[in-house]
Amino acid sequence: MSRGGTSRPAPQDDYDVVVVGAGMGGLYTAHRVLTIGLTVRVLEAGAGVGGTWYWNRYPGARCDVASVDYSFSFSEELQNEWSWKERYAGQPELEAYFNHVADRFGIREHIDFETRVESARYDADRHRWFLRAGDRTYGAQFVVMATGPLSVAYGPTFEGTDDFAGQIYHSADWPEGVDLTGKRVGVVGTGSTGIQMIPLLAEVAEHLTVFQRTANYSVPARNRPMSEQEMAEVRATYAKRRDQARRSRAGFPPRTPPISENSAMAVTEQQRREVYELMWEQGGGLAFRASFSDLLTNRKSNDTASEFIREKIRQVVKDPATAETLVPHDHPYATKRPPVDTNYYETFNRPDVTLVDLRETPIERLTSAGVQTSDRTYELDVLVLATGFDAVTGSLSRIEVEGRDGVVLKDKWKDGPRGYLGMAIAGLPNFFTVNGPGSPAAFTNMATHTEQNVEWITDFIGYLVEHRIRAAEPRPEAEDAWTRRMREAGEKTLYPEANSWYVGANIPGKPRVFMFYVDGFDVYSEECDRVARSGYSEFTIFS
Ligand code: N01
């Protein structure tokens, strides 16, 4: 294999910046790059914009962050002209929004759709990256990977898959026009996705069978329409709302009632219950997680929230055996990303819904008729996999990325991802990641986080161009220190206790490593700002 420094084929397309991905991060990066007067090409595997909201078209796909906050803040005009229809936007509304953004800011003409990047190689002599997608080669001084932390669908390979006579759909690759009316449907997976779709599938299927491996803690979403008056109220204070989100611990504006700074242990049992009841009634999984300050750091505090949700499940689900199967028992609340639902637990009171506990009776194989567990076969017309993603590193590891002096990203990350601020990687000059491993992305409002990352990266690109610096990459010591800081912060929490995608435990064979910075978005963005103010002193400069 050739290494950095050898000659490369001349690219068909040459740009200042190539961006991979036309989701939220890619669109904003392209806009910022154009604004500073550089040339840009966005390479997108899908046929449309929106990233997550382009691919995830399963019934019930919906955001769990309030629409008014899960949106771009960079343009006041955009904020003022767009009216969200629901408290939590569904996939069609979000996809429409990103299409609107692509057209409004003239980004679409800079995108090559149905273009899947297979490799990115750095030519150290020319200080340029060459990206290959099919038979095309793109050259660029800078590469921004906006490939999304949850974009590579994971589906387990059950023995006998080819024997199954019915259809298999993955939630993240949902075809157009699927009609499940009157079908016998099975769903594997009870993460956020499964929990969103199960009540809707139950409404149309002749019978729904839910195959659950790990019981989850879900909190009501309490989605509802947004009125024009509500939108007007938000618009009146939008600037302040956005500013507060930017300076907050998790990228959200202040909540009503304010997020408690208290330990759950610092209040009486009665006060605790009142807080949890209020949060339950208001809805929202991320808000419930913030009921007290120490739910993810103090096991005793967490137990109180976990037990509250268990009680709710037992109250809602009428059959005691089904309720006990749905009650989570093997991980603390919110150590897996907390789902939100509309009538999830209620759905198990329907006579046409069956819950299968895979801990008791594991799936052995698929047959032509359906799913065979250790005790029987469940006959199905359709099997839905809501089995998640090869998260965070998956999309980057699938591209052959080769930097300076033979640094190959896949090899570098074989024991877990390493990088600086979640945005830059030693050995890969001028190569940036939006919402990458080592950032707080998954623990924030992704909209706020994405904007912060994109602004930092594009400001840095602007700085390098202005100072005629040909390339920059983080110093190895800075990368080591950040990776250590990220992992140590994670280890002080309860997160490592769950087999979640946060630690890569959902993918067989993936190194089990905590992949995010959990000490707060506010602390993180201050650190990013400090690095920028210092003239990017933690970076090696190649002039
Ligand atoms: O994926 P998951 P997801 N046999 O990994 C099960 C975001 N999101 O798509 O827990 C049987 O959470 C697996 O079981 P277990 C959000 O960040 C947001 O639901 O590993 N079961 C689990 O139940 C979220 O966290 C929104 O034992 C198998 C499920 O599949 C992230 O996307 C909506 C299995 C996977 O759960 C991922 O959510 C949707 C097997 N071999 C998603 N393999 C909102 O904004 C896996 N499972 C609301």
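## Model and conventions

This is a predicted model, in which local features need pLDDT of at least 70 and side-chain atom pairs count only at pLDDT 80 or more, while totals for chains, interfaces and linings use all residues. Residues are numbered from 1 along each chain as its sequence is written, and side-chain values use heavy atoms, with hydrogens and water left out.

## Domains

The chain is divided into domain 1 (13-152 + 391-542) and domain 2 (186-227 + 246-385), with bounds taken from an automatic or database domain assignment. Taken over C-alpha atoms, the centres of domain 1 and domain 2 are 29 Å apart. Domain 1 brings 39 residues to the contact and domain 2 brings 38 residues, where contact means heavy atoms within 4.5 Å.

## Interface area

About 3,200 Å² is buried between domain 1 and domain 2, and carbon and sulfur atoms give 50% of this area. Buried area is the accessible area (1.4 Å probe) that two parts lose on being put together, summed over both. Of the area that domain 1 buries against domain 2, 22% comes from Asp64, Arg87 and Leu494, more than from any other three residues.

Glutamate 455 and arginine 246 form a salt bridge through their side chains, at 3.1 Å from N to O.

On the side of domain 1 that touches domain 2, helix 15 (446-466) and helix 17 (521-533) each supply at least two residues. Helix 15 gives the largest share of that side, 4 residues. Helices (H or I, at least four residues) and strands (E, at least two) are DSSP runs, numbered from the N terminus.

## Two residues with positive phi

Histidine 127 lies in the loop between strand 4 (119-123) and strand 5 (128-133). Its phi is near 55°, a positive value in a residue other than glycine. Histidine 127 counts as buried because its relative accessibility is 13%; buried means under 20% relative accessible area, exposed over 50%, and partly exposed in between (1.4 Å probe, protein chains only).

Arginine 468 sits in the loop between helix 15 and strand 19 (471-474). The phi of arginine 468 is near 50°, again positive in a residue other than glycine. With a relative accessible area of 72%, arginine 468 is exposed.

Key
A salt bridge is a side-chain nitrogen of Lys or Arg within 4 Å of a carboxyl oxygen of Asp or Glu.
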